[in-house]
Amino acid sequence: MHTTRPTACTHPDRAVVPESDHRPWYLRLGRERPVMVSGCPEDDCLPGHIEPHDVYCRTHERLLPFSTATPSRKRWFVVNLSRAAVCALFTLAAQTANPLPLTVLAASAGAAVLGLPLRHYVVGRAVAPTLWALACAASALGATTGPAGHRVIGTVALALVVLLWLGWMSATLTDRAADSRSGLPGARSSGRAVGAVASGMAVVPAALLVRLLLARGPSGWFLRLPAVRGWLLVTALGGLAGTILAALLAGVLDGWGRVDPRTPRLGLPRRPALLRWEPADRRWPGAPPRSFAGRVKLLVLAYRHQVLTAVFRALSFGANVLRLTGHHCVTGVVRLTNLLVRQAVLLWRRSRMSVLCAGRTLVRGAGALLAAVPRGVRLVLLPPVVLLLAALLVPVVAERTTAFLTEGGPARLGLALLGASGCLALWTVAWAAVTGAPLGPVRDSAVRTAGLALPHVVLLITVGGWVLGLPGTFGHGRMHVGWLTLTLTALVLVFLIRAKPDRAPVAVSSDTARRPEETS
C-alpha cells in the first residue's frame with residue numbers, strides 16, 4: 001500500500017472575488033473582499049489561512065508574489081538584477097555625494113510596499129500607486145520651487161483632497177442600492193433624499209475646515225486668500241441653507257399624503273317639509289238650489305272658494321320658496337364652513353407631517369453622514385495625507401543616508417533609520433487603509449511581513465557593505481567597511497553558529513507509550 005503525494009500548486013498566489021460588483025470603482029474602493037484560492041507552491045499549503053494582503057505564506061513563510069512551483073531562470077535573473085540595482089544606487093549616491101539615487105530607490109521601495117499587499121485588490125492596487133506617484137511629484141515640485149511654490153502646492157493639494165472627499169462622500173451617500181433592493185414603495189426616492197441631505201451636510205464642515213486651515217494653517221504651505229475665505233464662508237452657509245431646503249422639500253413630498261383625510265364636519269340641516277294651505281270649504285251645502293237667487297249665491301260661493309284657494313296656494317308657494325331658500329343658504333354656509341375647516345385641518349396636518357418628515361430626513365442624513373465619515377477619512381483622507389508626508393520624508397531619509405555613507409557617524413545613521421521607519425509606517429498605514437479590512441488582521445499581516453523581511457534586509461546590507469566597502473577600504477572610493485558592516489557581520493555569524501532548526505515533534509505510538517509499571 002502506498003499513498004499518492006499531492007501535486008504542487010501550478011498557479012500559486014491566486015485570489016478570486018466571490019461576488020461581482022458592477023458599481024463604479026470609487027464605490028468599490030475599500031469594499032473589495034478577495035478570497036485566496038491558492039497559496040505558495042508547497043504541497044501542504046493551506047490558502048484558507050492566508051489573507052489576500054499577506055506577502056508571505058503563513059505556513060511556510062515563502063514570498064507569495066511572483067512565486068513559482070519550479071525554479072525559474074527569469075525570476076532568478078530579475079531578483080539578482082534588483083539586488084545589483086540597489087547596490088549600484090547606493091554606490092552612485094556615495095561616490096557622487098548626491099541623494100537623488102537613494103531618493104529614486106526610496107520611491108521605488110514605497111511603490112513596492114504599497115503594491116505587494118494590494119496585488120489582489122483591483123481598485124486598491126491602482127489607487128495607492130497613483131496617489132504615491134502624485135505625492136512624489138508634489139514633493140519633487142516642492143523641492144525645486146521656493147516658498148511661493150510651496151504655498152501654491154499646499155493650497156492646491158488641500159483643495160484636491162477636500163474635493164475628492166466631498167465627491168466620494170456624495171457618491172457614497174447617494175448610492176442607495178440597499179434601499180432600492182428592499183422592495184418598499186418610495187424607498188429609493190427616500191434614500192436618495194437622505195443622500196442628498198447628507199451630501200449637503202458634508203459641505204458645511206469641509207468648507208469651515210478649509211477656511212480655518214487657510215486662515216490659521218502654516219503660512220509656508222497655504223496661501224492667505226481673504227476672498228477665498230469669504231467664499232468658503234458663503235459656501236458653508238449656502239450648504240446649510242440648501243440642506244434645510246432639501247430636507248423640507250423631501251418632507252413635503254414624503255409627508256403630504258401620509259395624513260388622515262378625515263376631518264370633523266358640521267351636520268347639514270334637514271330639508272323642510274312643503275307647506276300646503278287650503279281655505280275652509282264654505283260652498284253651497286246640500287243639493288243645488290232650484291231658484292234663481294239660490295243659483296246666483298251658489299256661483300258666488302264657488303267663485304269665492306276658488307279665489308281663496310288661489311290666494312292660499314300662492315301664499316303656500318311663497319312660504320315654501322322662502323323656507324327652501326333659507327335652507328339652501330344655511331346648507332351652503334355649512335358646506336363652506338366644512339370645506340374651510342377641512343382645508344385648514346389638512347393643511348395643518350400636512351404641514352406638521354412635512355416638518356416631521358423633514359426632521360426625520362435631517363436625522364437620517366446626519367446619521368448617514370456620521371456613519372460614512374470614518375470610512376471616508378480612512379479611504380479618502382488618510383492615504384493622500386500619509387503618502388504626502390512619506391513623500392516629504394523620503395528626501396530627508398535619502399540625504400541622511402548619503403551623509404552616513406560619505407561621512408559616517410551613529411547620529412546620521414540613527415536619523416536615517418528613524419526616517420526610514422517612519423516612511424515604512426506611513427506606507428503601511430496607506431495600504432492598510434485602502435484595503436478596508438479590519439485593523440487586527442491587517443496589523444498582524446504587516447508585523448509578520450516586517451519580521452520576515454527584516455532578515456533579508458540585514459543580509460543584503462551586510463553583503464552589500466562588504467561588496468561596496470572593500471574598494472573604498474583600499475582607497476578606491478568613499479565607501480569603506482565600517483563599524484555597521486562589522487557589527488552586522490558579527491551578528492550574522494552568531495546567528496549561524498547558535499541558531500538551530502526547529503525539530504518536528506516525534507509521534508509516539510500507542511504500543512510504546514506505556515506506563516512504567518506496565519513495562520517493568
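Reply: Let's start with how H9 and H10 cross: the crossing is left-handed, a label used when the near helix is turned anticlockwise from the far one by less than a right angle. By class, their contact (heavy atoms within 4.5 Å) has 24 nonpolar, four polar and four charged residues. Here Ala, Val, Leu, Ile, Met, Phe, Trp, Tyr, Cys and Pro count as nonpolar, Asp, Glu, Lys and Arg as charged, and the others, Gly among them, as polar.

A quick word on the source: this is a predicted model, where local features need pLDDT of at least 70 and side-chain atom pairs count only at pLDDT 80 or more, while totals for chains, interfaces and linings use all residues. Residues are numbered from 1 along each chain as its sequence is written, and side-chain values use heavy atoms, leaving out hydrogens and water.

Back to the pair: H9 covers residues 292-407 and H10 residues 410-435, and their axes (lines fitted to C-alpha atoms over the stretch in contact, with angles from 0 to 180 degrees between N-to-C directions) come within 8 Å and cross at roughly 160 degrees. The two are therefore roughly antiparallel, the term for angles over 145 degrees.

Now for Met201, which sits in helix H7 (residues 187-216). Met201 is buried, at 18% relative accessible area; the cut-off is under 20%, with a 1.4 Å probe and protein chains only. Leaving aside neighbours within four places in sequence, Met201 touches Thr243, Leu362, Gly365, Ala366 and Leu369. Thr243 is also one of the buried residues of H8.

Technical notes:
Helix = DSSP H or I, 4+ residues; strand = E, 2+ residues; numbered from the N terminus. Parallel < 35°, antiparallel > 145°, perpendicular 65-115°, else oblique. Buried < 20%, exposed > 50% of the residue type's maximum accessible area, 1.4 Å probe, protein only.
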